[in-house]
Amino acid sequence: MSRVHPDVPASDLPAVRGPLASRRSVLLGAAAGLAGVAVGVGPAQAAPVYTPIPKLPGEVSRSDTRTTRIGKKQYEAIEVVWGKDRARLYVPWATPPKAPKPGGVAWLYHSNGSTHTALDGAYAYPAMMLVDRGMVCVCPNFGGSTWTTQTALTHQVNWDKYISGVFNVGVAFARANSGGGSLMTYAYAKNMVRGMRGIYLANASYDMEDLYARDPGRIGPPYGNDPALVAATNPARMPQSAWAGKRVKTVVSLVDPLLPPDRHGLALAALAQPVAADVRIQYHDQGHTVPGWTHSDMVSTFSSWL
């Protein structure tokens with residue numbers, strides 16, 4: 001069942017907050033969230049009363065209040081349209097907008113050929129694990145399968161402003177499966193997402209020029225079939241210094257037929273390792289299939305980076 005609302009004008013978006021909270025308050029706040037938050041709330045109210053989560057700027061619909069499978073925490077699944085793009089959010093009752101204490105945000109980058117609805121698909125279970133720990137989850141569409149085009153990067157900038165304006169962001173993490181990795185790695189290397197503490201790649205892409213060379217008919221059109229544009233925003237062309245102090249975990253398969261790890265996950269790890277704060281590599285034998293154990297591993301990895 002869904003509750004639908006008209007769009008909210010851009011002027012209603014709260015101003016982006018000032019400098020992020022101090023490192024100490026960020027880590028303490030996020031640690032409390034990832035350790036599990038006790039929520040004392042009553043039953044969900046029918047529209048137009050919005051539970052602890054008020055109507056968000058740009059909200060166009062939300063489902064009935066949901067409860068996670070394991071931790072039994074309540075949250076809202078909300079659809080938002082902003083900056084000509086659409087996103088789906090899971091907002092825990094424990095982490096409402098404008099909360100006085102900084103909280104955690106998890107960015108989930110959908111694979112090529114998917115959409116923001118991946119939050120209710122491939123990412124539904126791992127996102128609920130994050131909600132159990134008080135984290136807001138956001139899965140933007142980024143214009144669809146537009147890789148690292150200027151359109152996708154513009155949407156990334158807009159969504160960062162939106163999330164930072166609506167929520168009190170203390171720390172952020174990101175995960176990408178398959179083709180979502182290129183935008184995620186580029187955004188992290190370029191510091192396009194506030195509070196980003198580390199990223200998790202699961203069979204995820206990195207080198208756009210490798211993809212273009214092997215499949216120009218699929219990769220080329222979003223870039224106007226211009227190899228110079230593919231190269232211009234290829235995360236694999238970022239200098240090693242872009243990874244200084246950063247945290248990366250990459251899960252790869254040596255028998256992945258779509259994303260050879262020596263050009264993608266392993267290539268990123270090799271470049272970043274000499275200067276990064278933490279680089280982790282884990283192998284599996286399931287080809288391009290993302291192993292189910294990555295969900296709990298992602299949560300434990302994010303927790304270890306606090």
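Modeller: The buried residues of H8 pack against H4, strand E9 (196-202), strand E10 (247-253) and strand E11 (278-284). Contact here means heavy atoms within 4.5 Å. Helices (H or I, at least four residues) and strands (E, at least two) are DSSP runs, numbered from the N terminus. This is a predicted model: local features need pLDDT of at least 70, side-chain atom pairs count only at pLDDT 80 or more, and totals for chains, interfaces and linings use all residues. Residues are numbered from 1 along each chain as its sequence is written, and side-chain values use heavy atoms, with hydrogens and water left out.

Colleague: Within what arc do the buried residues of H8 fall, seen down its axis?

Modeller: Buried means under 20% relative accessible area (1.4 Å probe, protein chains only). In H8 (residues 265-272) that gives Gly 265, Leu 266, Leu 268, Ala 269 and Ala 272. They line one face of the helix, because the directions from the helix axis to their C-beta atoms span an arc of 160°.

Colleague: How many residues of helix H4 are buried?

Modeller: H4 covers residues 181-189 and is mostly covered. Its buried residues include Leu 183, Met 184 and Tyr 186.

Colleague: Which residue with positive phi follows H4?

Modeller: Its phi is near 55°. The residue is Asn 191.

How values were computed: Buried < 20%, exposed > 50% of the residue type's maximum accessible area, 1.4 Å probe, protein only.
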